[in-house]
Amino acid sequence: MVRKSLRILGIVLVMVWTLFPIYWVILMSFKTPIDVTTYPPKFIFKPTLANWANVLLGKEWTGTHYETVKTDVLHYFKNSLIIASGATGLAVFLGLPAAYSLARYKFRRKEDFAFTLLSFRFAPALIVVFGVYSVFQGLRLYDTYLGLILIHQILLLPFVVWMMRSYIAMIPVEIEQAARVDGYSWWGMFSKVTLPLIKPAIAATGVVAFIYSWNEFLYGYVLSGDKVRPVTPSLLGFISYERVLWGQMATAAIIAMIPSILLSLFIQRYVVAGLSFGAVRG
């Protein structure tokens, strides 16, 4: 009984530790600038929708009425949606055949190739990003959707290949051999036998890759201007040398979290199935 109570207490503490920052950001989005900076912090206050009106509608509360102001949060949100979707789709499209080859075929230095692909993630981003910036300037890819999609898919590709390789390796090769004996071509076998079996794995890998691309900060900040800047680095726009717009920043941060949360909930059963499918069998 004591052990069960301690386990429950531990779970509650972990949940509080994990969810309290999100809860605090939500509170900040409904606070006035005075309430945000008040010490000690206020948990009970008169909520305001001024921050949401500013971020979503371009309206700023002056104390007596709303004035129209320029806001680009929804534009940055659209940019992130385009970049993350494009990078994830391209990484899965390119990574799936590579993962299948590494899982099914034998060739010289296969493991060396797989490790080299994974090692692309080892280099510190601060070292790589300045060289990439110079290349992008020369190729006119700076501040373009194509440029950010390409750099994001390079970041995602090693993860996609290694994840999908482990999932494909879990499928008994005899199933594919039986399909070939029944007269299926390689493409027929792959599309009608292998692909349906790894759909949960593709969903799990795609969700994690999308969330990583959505939350990526450094490359989106250095390699883009106002035209295609993603929403995550755009949050720095609420910080100036004069003031920090904490309430509006909190509101924009909540909006930035919504796609990842909704996507995870919408295909949760595929994610769980995919992650369990790739588990090590005892």
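Buried means under 20% relative accessible area, exposed means over 50%, and partly exposed lies in between, using a 1.4 Å probe and protein chains only. The views below come from a predicted model, in which local features need pLDDT of at least 70 and side-chain atom pairs count only at pLDDT 80 or more, while totals for chains, interfaces and linings use all residues. Residues are numbered from 1 along each chain as its sequence is written, and side-chain values use heavy atoms, with hydrogens and water left out.

View 1. Helices (H or I, at least four residues) and strands (E, at least two) are DSSP runs, numbered from the N terminus. With a relative accessible area of 23%, Leu195 is partly exposed. Leaving out residues up to four places away in sequence, Leu195 touches Leu96, Phe190 and Ile202; contact means heavy atoms within 4.5 Å. Leu96 is 99 residues from Leu195 in sequence, yet their C-alpha atoms are 9.9 Å apart.

View 2. Is Lys31 buried or exposed? Its relative accessibility is 1%, so Lys31 counts as buried. Apart from neighbours within four places in sequence, Lys31 contacts Trp24, Val36, Lys42, Phe45, Thr48 and Asn51. Asn51 is also one of the buried residues of α3, which is the subject of the next view.

**View 3. The enclosed helix α3.** Helix α3 covers residues 50-57, and six of its eight residues are buried, so α3 is largely enclosed by the rest of the structure. Those buried residues are Ala50, Asn51, Trp52, Ala53, Asn54 and Val55.

**View 4. A nonpolar patch on the surface.** Ile8, Val12, Val16, Phe20, Tyr23, Phe43 and Ile44 make up this patch, with about 700 Å² of accessible area together. Patches are made of residues with over 30% relative accessible area and no salt bridge; like charges are joined within 9 Å, and nonpolar side chains (Val, Leu, Ile, Met, Phe, Trp, Tyr) within 5 Å. A salt bridge is a side-chain nitrogen of Lys or Arg within 4 Å of a carboxyl oxygen of Asp or Glu. Accessible areas come from the Shrake-Rupley method with a 1.4 Å probe, and for residues only the protein chains shown count as cover. Phe43 is found in the loop between α2 (33-37) and α3, and at 46% relative accessibility Phe43 counts as partly exposed.

**View 5. Two residues with positive phi.** Arg140 has a phi near 60°, a positive value in a residue other than glycine. Asp143, also not a glycine, has a positive phi of about 60°. Arg140 is in the loop between α6 (125-139) and α7, and Asp143 lies in the loop between α6 and α7 too. Their accessibility is worth a look: Arg140 is exposed, with a relative accessible area of 75%, whereas Asp143 counts as buried at 15%.

**View 6. The bend in helix α7.** Helix α7 runs over residues 145-169, 25 residues in total, and reaches 34 Å from its first C-alpha to its last, close to the 36 Å expected at 1.5 Å a residue. That expected span is 1.5 Å times one less than the number of residues. Where does α7 bend? The bend is at Leu156, by about 35°, and the proline Pro158 follows within four residues. A bend at a residue is the angle between axes fitted to the seven residues ending there and the seven starting there.
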